[in-house]
Amino acid sequence: MLNGNLKVAVQKKGRLTDKSLQLLRSCGLDIEEYSERLIVTARNYELDILFLRDDDIPEYVQDGVADIGIVGYDVVKERNAEIEVLRHLGFGKCRLMMAIPEEQDIESVENLQGKRIATSFPAIVKEYLNANKIEAKVIEISGSVEIAPSLGVADLICDLVSTGNTLKLNKLKKTFTVFESDAVLIGNKNLNLDESKWKLLASLLTRIDSVLKARNSKYLMMNVPKENLDEIKNVLPSLKSPTIVPLADESMLAVHAVIPTDTFWQINEKLKSAGASGILLLAIENMIL
Ligand code: PRP
Ligand code: ZN
């Protein structure tokens, strides 16, 4: 594999695998269906995808085995590798939480004093305990942490919670949040020393940025009475001025604008009370700025 391809590490099997591949595909990369292979080469870009255990990704990127990687910020923090966080990717949001058996209760962080806590994130947990001046026993377990309390190995666990299903299945409930995480793109610190790889990365980053931007934006279309145009313009959050199109009915105009997705429900009512009708909100595939 000593070709000059840009090497990107992706979680082999887990919460982030599908969404990581989806992001790369949205960037226009033609990637073969992943089927238990360790390395897949994109058909239309000088890029190899290495499928690795997520916990190992920061070290592999640090050591230059992979040039970049997509991994949870939780793992980055825990591993404390010499890497650079290039982008937060907006997916894979989850929380590292203390969780206790359902029938128990815990009132404050002080109640953790003297307890045994099973986790795959010993460094983050120890830091949290220190910050809260708690002495507790941290038991490092590399997988299936959630069964530790029922085996009697620990009193509680500290693990990632996304939907909460894993906890529920194991009759555990969440308590304190220790750390909030999402997926990040990380890079080797020396990557810019290799000019050809740097070019491949720079162009990939441009594509990633335009995909992320498009995911956070929607294309809004509506018809408005001509006389209310100013009122409508005031409601719209778009930085650039909207596109205004005349309609057959001369008292009406069509207004098109790109808006941040999360603002739509805040402005929807205001648009309607300003006389907007036929409001359409469309997904944008790509946004080149
Ligand atoms: C995490 C965590 C739980 C699961 C929680 O595993 O260890 O098993 O996600 O998700 P839920 O709240 O939606 O049930 P992860 O995907 O990071 O895999 P890994 O433990 O193999 O790294
Ligand atoms: Zn993991």
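How many nonpolar, polar and charged residues does the shell around ligand 1 have? By class, two residues of this shell are nonpolar, five are polar and three are charged, where Ala, Val, Leu, Ile, Met, Phe, Trp, Tyr, Cys and Pro count as nonpolar, Asp, Glu, Lys and Arg as charged, and the others, Gly among them, as polar.

The model is predicted, with local features needing pLDDT of at least 70 and side-chain atom pairs counting only at pLDDT 80 or more, while totals for chains, interfaces and linings use all residues. Residues are numbered from 1 along each chain as its sequence is written, chains are lettered from A and ligands numbered from 1 in the order in which they are written, and side-chain values use heavy atoms, with hydrogens and water left out.

The residues around ligand 1 (a heavy atom within 4 Å) are R15, D54, D159, L160, V161, S162, T163, G164, N165 and T166.

Oxygen atoms of ligand 1 lie 2.8 Å from a backbone N or O atom of S162, 2.7 Å from a backbone N or O atom of G164 and 2.4 Å from a polar side-chain atom of T166. The protein covers 72% of the 510 Å² of accessible area (Shrake-Rupley method, 1.4 Å probe) that ligand 1 has on its own.

Technical notes. Polar contact = N/O pair within 3.5 Å; in protein donor to acceptor, adjacent residues only side chain to side chain.
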